[in-house]
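Student: I have a model open and I'd like to learn how to read it feature by feature. Can we walk through it together?

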Amino acid sequence: MIDGPVTIGGGETRRGGPAVADPAPRIEPLTSPAPVAALPGTDDHLQVRLGLQRRASATVRRHVIRAARRLTVLFLADLTAVLAAEGLLRSLRQGAWLGGGIARVVSAIFPAGTLATAQYLVALFIGLYMAGSYGEGDQRRSPRRLFGAVWLAALLQVWTAIWTRGLDVGVLQYLSTALLVWVALWFDRKMVDRIVAWLSPQESHSARTVFVGPAEDCREASSIPAFRAGGQYVRKGFLDLRSPAAADALGTIADLPHVLHDADIETVVACGYIPDREFQDLVNISLAAGCQLLAVPRSIEVAAVQPSLFWMGGSPLMQLTAPALHGQQLVLKRSMDILGSLLGICLTLPLMLVIAVAVRLDGPGPVLFSQARIGVGGRRFRFWKFRTMTHRVPDTVHREYMTRMAHGDEAGTRQQSADGRGVFKMIDDPRITRIGTYLRRSSLDELPQFFNVLKGDMSLVGPRPPIPYEFEAYDHWQFDRLSVRPGMTGLWQVSGRSLIPFRQRCELDVEYVRRWSILLDVKILLKTIPVVLFNSGRAA
């Protein structure tokens, strides 16, 4: 998890107690630290502090060089992606690959000379910079930021035309081009880190990092994805807040100046709770050495909230908010639901009429099946599907099955499908009608839920609405599923459907609530198409 101990001073390892012979090989720094010149009347600790201050400019310079390298690599990768997209379009327009018909369509949608022009490239890079897509961490990979950047670039080009002529064909062509560029940039950001890691050794592009705090918090912080091997940071160990230090620690927090100097540390990570006095020393020493100072607030990570710093009355306050849609985003999501449900109803209405006739002819009973389901905030609503079961057959067997599943009986509720795979749903249910088997396998029985979405009881994307007796078996954490409108499709449906046990379904629904965003909804909707077409996850 954490690299071996760092040698401090002349070949001995400080562990907060008596010095012992260092059994591990000495870690060679990236560049030899500047020698500490002895000053009259100064002790060893002060000499180390002065040495850190003298080499602070070199540490800062390495951070600047690393940032410049990152900016250059991203710029070249983006330029390559745009030029590759332009080359692909040029080949398609010339009919080199797919023939004249495709060439005419591509020429109509993507006009020549829209990507490889200096005007567009300048606008694009301005948009990427303003969107924060050249920053540190996950910001540079954010599809949402990339999407905003390419649309800003398109608008920088065509805003005059939109102002004077409105959305004519030429403007729409530019906007279509923006979508293509977004896909190209998203792909290049996915690949650039892997390519850099493959071409360049880790030590040459990663900051040497030490963790400071309680031992258990340091171990946990060093294992999170942000500090994984091959990333921006190379872990050199941790300093324990307590004395004597843990056996696998480099020492105690009192050894921080020596560790920073001898191991040529560039990044310090504060973990867990550190008392004010020790934290002040940690800040002063780290910043004086020119180190990047990070903090991992463990309680915030566990609570699954997002922190944002603001100032009130001259004092800093940390606001913790749950990741959710607010204001304009809620309006946009509801607008998507209304437009999507109307479009779905219009496109599938002839098919729904055919299904209605088939259900009616298949046996006695109503065409539609209505059932009470639990929606947002625990509110009940009527849930509509095409009837797939024999009319007026009791649901005792299904109720017992779902109760056992909700209580964690995975072994007893796993059933064998026709292809031999274990699924968590009732197989060969005698209540299912002949037409019902086909409707369930193809998910066509779900089409009437477009009316639930239009009414506002459901959303296109969200957690699956539970049946009341399933809801009654919920544990406390599962109630987070009811924080948003239930959906026709959701994260667990596109992640395995019936192949996933009940608890994991609930965990995926809770994960969706915590990661809730418009972009996530779009991703799930796109993934739903192949899942339904190919019956992925065995719908029936």
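Student: Where do I start?

Tutor: Start with confidence, since this is a predicted model. The chain averages a pLDDT of 77, and 73% of the residues score at least 70.

Student: How many contacts beyond four places in sequence does the model have for residues 1-42?

Tutor: The model has 90 of them for that stretch. Here's the general idea to keep in mind: where pLDDT is low, the predicted coordinates should not be read in detail.

Student: Okay. What does the chain come to in helices and strands?

Tutor: You'll find 18 helices and 15 strands. Buried residues make up 44% of the 540 residues in the chain. The accessible surface comes to about 28,000 Å², and 63% of that belongs to carbon and sulfur atoms.

Student: And what share of the contacts with a separation of 6 or more comes from residues 24 or more positions apart?

Tutor: That share is 69% in this chain.

Student: Next, cysteines. How many disulfides are there?

Tutor: The general idea is to check the distance between sulfurs: a disulfide needs the two within 2.5 Å. Here the count comes to zero.

Student: Is Cys271 buried or exposed?

Tutor: Cys271 is buried, at a relative accessible area of 1%. Cys506 also counts as buried, with 0% relative accessibility.

Student: How should I read salt bridges, and how many are there?

Tutor: Look for a Lys or Arg side-chain nitrogen within 4 Å of an Asp or Glu carboxyl oxygen. The count here comes to 14. One of them joins the side chains of Arg242 and Glu216, at 3.1 Å from N to O. That pair links distant parts of the chain, with Arg242 in the loop between strand E4 (233-240) and strand E5 (251-252) and Glu216 in helix H7 (residues 215-222), 26 residues apart.

Student: How exposed are Arg242 and Glu216?

Tutor: Arg242 is partly exposed at 42% relative accessibility, and Glu216 is partly exposed at 40%.

Student: Which residue does Glu470 form a salt bridge with?

Tutor: Its partner is Arg481, with 3.6 Å between the closest N and O atoms. This pair also links distant parts of the chain: Glu470 is in helix H16 (residues 468-471), and Arg481, 11 residues apart from it, is in the loop between H16 and strand E15 (487-489). Glu470 counts as buried at 8% relative accessibility, and Arg481 counts as buried at 5%.

Student: What about Asp409?

Tutor: Asp409 meets Arg404 in a salt bridge of 3.6 Å, N to O. Asp409 is partly exposed, at 29% relative accessible area, and Arg404 is partly exposed at 37%. There's a network of salt bridges too, linking Arg379, Lys455 and Asp457.

Student: Which residues form the nonpolar patch on the surface?

Tutor: Val522, Leu526, Ile529, Leu533 and Phe534 do, with about 540 Å² of accessible area together. Leu526 lies in helix H18 (residues 518-533) and is exposed, at 56% relative accessible area.

Methods: Residues numbered from 1 in each chain as written. Predicted model: local features only at pLDDT ≥ 70, side-chain atom pairs only at ≥ 80, totals over all residues. Heavy atoms only, no water. Buried < 20%, exposed > 50% of the residue type's maximum accessible area, 1.4 Å probe, protein only. Patch = residues over 30% accessible without salt bridge, like charges linked within 9 Å, V, L, I, M, F, W, Y side chains within 5 Å. Areas by Shrake-Rupley, 256 points an atom, 1.4 Å probe, with all protein chains shown as cover. Helix = DSSP H or I, 4+ residues; strand = E, 2+ residues; numbered from the N terminus. pLDDT = per-residue confidence, 0-100. Contact = heavy atoms within 4.5 Å.
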